[in-house]
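Hello,

Here is the structure I promised to pass on to you. Have a look at it, and then read on for what turned up.

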Amino acid sequence: MTTNDQLFERARQVIPGGVNSPVRAFRAVGGTPRFIARAQGAHMWDAEGTQYIDYIGSWGPMILGHGHPAVLEAVQKAAVEGFSFGAPTEREVELAEEIIRHVPSIEQVRLVSSGTEAGMSAIRLARGATGRSKIIKFEGCYHGHADALLVKAGSGLATFGHPTSAGVPAEVVQHTLVLEYNNVEQIEAAFKAHGPEIACVMIEPIAGNMNFVRAQVPFVRRIRELCDQHGALFIFDEVMTGFRVALGSAQSLYAQAIPGFQPDISVFGKVIGGGMPLAAFASSRRIMAHLAPLGGVYQAGTLSGNPVATACGLATLREISRPGFFDALGARTRALVEGLKGAADAAGVPFCVDSQGGMFGFFLMPELPQNYTTVMTTDQPRFNRFFHGMLERGIYLAPALYEAGFVSAAHTDADIAATVAAAAEVFRTL
Ligand SMILES: Cc1ncc(COP(=O)(O)O)c(C=O)c1O
């Protein structure tokens, strides 16, 4: 048998840090990453044959669990028909129609291969459509690794951001303003100072890249008003929340709270590809008309709308569109987080939880945080002890305190009960 340690050692020889995406390296929590050999339903097995209950779900896409029969069948059939043609297919149209059917704010969809690509293209579209340069993002929200987004806040509202990655020239982020999440005063001040130059405001409506922090309704309402007043576009990055927190995505939840609410541009990924490389950005026909080949905003992709990926996404969306799917998923996720909360309370560990649909977060603190600075006050060593205690008991949670968790339709009551029982043990050791 090859061990995880051996594989990691081998991987580090040929892949930087041994991984193809940094969070997989377990740097935040320490220890050896598990090399996954296979997965089925809500379970994964590593190279050593150890079984885990999976609460990552490939960081969101696996909403049906692994190896769902209908999805598998669709992918197998599509693979036989052809991997990639570089020419249009009916399935792309079907997938676009299926996405539009559930999300009233959008009329047209452009398919791409990753969330990064979708977010980057959405910003280019917003800039092209408005003829403006400046963009606003929020600290703790991640929209992929496009240069203009790898940025942290400047020293004040008048100063734009500084790059957070080597290789990103300061000039490239000079138009990116980074503000505090859920801070109404800051966004008001930003529009007051720069209103006519702002192309777009981009947000994760439920920020899954700072664990699980909801954008408060008054905050979203105020951004919508400010965008309308100043002619800026409001971009909802629903790469994580799209078709994950509700069938209509997070924007449907805000539309319930804010009558008539719609974002101008939406970005999707993860669930719409069902685990295959597929993402999308979408908007009204009027805004999408700025895109090539119709308009002057260039965007393209060799594998965009890939026939196997669209088959996977389409089969996934059809399954999750069944009546009652999200009620059942939401109930299961709530059972998990309430179970964890009960176990933490019993052990006297400060703990709070939140969830929506099949996405959840938990914090080793007494109250839900509202922004990144508060999230990062978490007792990191304590989180790491919790993470490793759970992993040793076969529960695979996100290996970083600032990541969300995901429950799938394949998680059973027994999986949830086993997770809560493991947590009860671990909490007593914290
Ligand atoms: C909200 C959000 N936007 C964009 C991205 C980037 O997507 P990808 O990793 O597919 O490039 C992610 C990835 O986790 C994300 O969570």
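**What was found**

Lys270 counts as buried, with 28 C-beta neighbours inside 10 Å. For that term, a residue is buried if 20 or more other C-beta atoms lie within 10 Å of its own, exposed if 12 or fewer, and partly exposed in between, with C-beta atoms placed from the backbone. Lys270 sits in the loop between β13 (265-268) and β14 (279-283); helices (H or I, at least four residues) and strands (E, at least two) are DSSP runs, numbered from the N terminus.

Before going further, please keep in mind that this is a predicted model, in which local features need pLDDT of at least 70, side-chain atom pairs count only at pLDDT 80 or more, and totals for chains, interfaces and linings use all residues. Residues are numbered from 1 along each chain as its sequence is written.

Now to the backbone. Most residues other than glycine have a negative phi, and most peptide bonds are trans. Lys270, however, has a positive phi near 45°. Ser58, also not a glycine, has a positive phi of about 60°. Ser58 belongs to the loop between β3 (51-54) and α2 (69-81) and is partly exposed, with 17 other C-beta atoms within 10 Å. A cis peptide bond, with omega near 10°, runs from Ala292 to Pro293, and Pro293 is in the loop between α8 (285-288) and α9 (307-320).

Finally, the ligand. Helix α4 (residues 115-130) gives the largest share of the shell around the ligand, three residues.

Best wishes
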